[in-house]
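Try each task before you read its solution.

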Amino acid sequence: MTKLSRRALLLGGTAGAAAPILHQLIPHRGLHDAIEGANAAPQGPAHGAAGAVHGGGNAGPTFRQGAVVDHEANGFQPTEMLRDFDWGTTRRLASGRVLREWTLVAGDREIEVAPGVKYPAWVYNGRVPGPTLRCREGELLRIRFVNGSEHPHTIHFHGLHPAEMDGVPGVGAGLIETGKETVYEFNAEPFGLHLYHCHAGPLAEHIARGLYGAFIVDPKRGRPDADELLMVMNGFNTNFDAEGNQVYAVNTVAFHYANEPIAVRRDSPVRIYLVNILEFDPINSFHIHGNFFHHFPTGTSLEPVEFTDTILQGQAQRAILEMRFPYDGDYMFHAHKTEFAELGWMGFFRVGKTGPPPKNDTGAGL
Ligand SMILES: [Cu+2]
């Protein structure tokens, strides 16, 4: 079979060129019928606004009939993941300082990243992204890492810490082999939105396979109350050619928030913790419709740098976005890289009277 690269596909960009790729990548019901009918009114509960033929889109052959992945088999649900902050367990040390602890276990797991598209992921605690670790500035953090995967891995945290806690091969505990474990320990600093990921080589594959998560350090005096949401922009190179990705998403499942719009309250503060961990593509982006947000890059300052509706992020860049929605209705958000949006990176906010109250997640315990 002729190898048709993703880049060639993009340059070609015709329905004729795209169709063979879709045949290969996404099980479908009547692709050609779908292409003919793509401009018709959308069917089923999903939004049809994307209307994309080439890349499928959520009005495309797979998604327009409301197909969804098997969340139960995946073991995680992207809607729940939005507001699922893992504060670990705490105890007070003799010094009076809080020690916060987690256990992260690496494993190998097949996950469904788009309806019918299975991907052999590597996971922390069974999910992609891994748990959203959250703590307060100044605490002592201790992360026990157990490698239950068939491959050697590490956890490399972004933040301030000594070299031996950096989670890279050849330094400190270095690579953690299958069945082995180690402990990473460091101070919670600086406050902001950070991330963690495996740093074993080849690095691109160890990240792309799913070994990453968000790491939030709350400032000592906290942030104003808001409905807080975690969004990790990621993608999946399902043909392993290391040339871009075939599926793009926020929190792993393509078009999930088009199928299940995110309910938020009108006129109520919303805070998005946005992380870009996308591998193989140099730039990702976030765009909101009908609204603007305050942009706090890396979350390390309490003063926003701009009021905008679109930001760009390279890999490992992250930001806190704060906004209110002044009108009821459904508002699209997506990568303003149209190709990514049409391959899964788009969703909707559903603004109205429902949705969680503006209350920060502060965890339990100390
Ligand atoms: Cu790894």
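Buried means under 20% relative accessible area, exposed over 50%, and partly exposed in between (1.4 Å probe, protein chains only). This is a predicted model: local features need pLDDT of at least 70, side-chain atom pairs count only at pLDDT 80 or more, and totals for chains, interfaces and linings use all residues. Residues are numbered from 1 along each chain as its sequence is written, and side-chain values use heavy atoms, leaving out hydrogens and water.

**Exercise 1.** Classify Cys-135 as buried or exposed, then count the disulfides.

Step 1. Cys-135 has a relative accessible area of 0%, so Cys-135 is buried. Cys-198, also at 0%, is buried too.
Step 2. A disulfide needs a pair of cysteine sulfur atoms within 2.5 Å. By this rule the count is zero.

**Exercise 2.** Describe the surroundings of His-334.

Step 1. Locate it: His-334 lies in strand 20, residues 329–334. Strands (E, at least two residues) are DSSP runs, numbered from the N terminus.
Step 2. His-334 has a relative accessible area of 10%, so His-334 is buried.
Step 3. Contact means heavy atoms within 4.5 Å.

**Exercise 3.** Which strands pair with strand 11?

Step 1. Two strands pair if DSSP finds at least two bridges between them.
Step 2. Seven bridges join strand 11 to strand 14, running parallel. Here Glu-228 stands opposite Arg-271.
Step 3. Four bridges join strand 11 to strand 12 in the antiparallel sense. Here Phe-236 faces Val-247.

Methods
Lists of a residue's contacts leave out its neighbours within four places in sequence.
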